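Open the model in a viewer and keep the selection panel at hand.

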Amino acid sequence: MRWVRLLALVGASLVVLVLLGAPTPPLFAGLLGALVVALTTTEPPTLHVAWFRLAQSIIGVSVAAQIDPEVLPAVGVDIVPITVSILVTIAVSVGIGQLLRRHHVSAVTATFSTVAGGASGMVALAEDYGADARIVLVNQYLRVLFILLTLPIVVTVVFTASSADVDGANGPGLWAGGLADYAFVALALALGNAGGRLLRLPAPALLGRWRPGWP
């Protein structure tokens, strides 16, 4: 019954968010549904480790599949400022995260909680490194929610952009994807997990990803 309740809440949240035109409705529907269950029961549903690894793997595939090899040469032209900005972002994020240690949070949890970007990846990696995934999740998605609420205002006021400037850039629909896409995901899951374990990668389910056309 706990799973039935969770699925019902997630389904209802998904419908509402889709009707409202909210960004990434499946992500936030799952977050909202699980949050309600976690706050209203002392025994939330427990996810088997195999399902957790599968979720990690799907996150890894979805991240890797968005990287376009044709863009990499353009990145190489500006590799110095890109590298500097990445290193500065990591340093600032980790530095701010260490403030959490004043509230009896471990160093690894504090680090994963505030690293900017890749919220779902940070949460997936956190538990494998001994961090408290609950704290990491709350901090990461509070950041994501704040960015989602404020970024449209920033780009409109500061950069005078409008929704017309990104028309058609919202990606595929909620249920998009053909047989070839699902076959690719299945192949990437199988090869990625096998390769990740063979190479003894940390969090092999997430990091052991492979994409056709890559060396």
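Helix axes here are lines fitted to C-alpha atoms over the stretch in contact, and angles run from 0 to 180 degrees between N-to-C directions. Helices (H or I, at least four residues) and strands (E, at least two) are DSSP runs, numbered from the N terminus. This is a predicted model, in which local features need pLDDT of at least 70 and side-chain atom pairs count only at pLDDT 80 or more, while totals for chains, interfaces and linings use all residues. Residues are numbered from 1 along each chain as its sequence is written, and side-chain values use heavy atoms, with hydrogens and water left out.

**Stop 1: H7 and H8**

Select helix H7 (119-126) and helix H8 (residues 133-157). Their axes lie 9 Å apart, at an angle of about 175°. H7 and H8 are therefore roughly antiparallel (over 145 degrees). Now show side chains: on the H7 side, Ala119, Ser120, Met122, Val123 and Ala126 meet Val136, Leu137, Gln140, Tyr141, Arg143 and Val144 of H8.

**Stop 2: H6**

Select helix H6 (residues 107-114), where Thr109, Ala110, Phe112, Ser113 and Thr114 are buried; buried means under 20% relative accessible area, exposed over 50%, and partly exposed in between (1.4 Å probe, protein chains only). The cover over these buried residues includes helix H5 (79-97), H7 and H8.

Centre on Thr109 in H6. Is Thr109 buried or exposed? Thr109 counts as buried because its relative accessibility is 3%. Beyond its neighbours within four places in sequence, Thr109 is in contact (heavy atoms within 4.5 Å) with Ala131, Asp132, Ile135 and Val136.

**Stop 3: a nonpolar patch**

Select Phe146, Ile147, Leu151, Ile153, Val154, Val157, Val158 and Phe159, which form a nonpolar surface patch with about 800 Å² of accessible area together. Patches are made of residues with over 30% relative accessible area and no salt bridge, with like charges joined within 9 Å and nonpolar side chains (Val, Leu, Ile, Met, Phe, Trp, Tyr) within 5 Å. A salt bridge is a side-chain nitrogen of Lys or Arg within 4 Å of a carboxyl oxygen of Asp or Glu. Areas come from the Shrake-Rupley method with a 1.4 Å probe; for residues, only the protein chains shown count as cover.

Within the patch, pick Val154, a residue of H8. Val154 counts as partly exposed because its relative accessibility is 35%.

**Stop 4: the whole chain**

Zoom out to 10 helices and 0 strands. Of the 215 residues, 23% count as buried. The accessible surface comes to about 14,500 Å², with 72% belonging to carbon and sulfur atoms.

Definitions and conventions. Angles under 35 degrees count as roughly parallel, over 145 as roughly antiparallel, 65 to 115 as roughly perpendicular and the rest as oblique.
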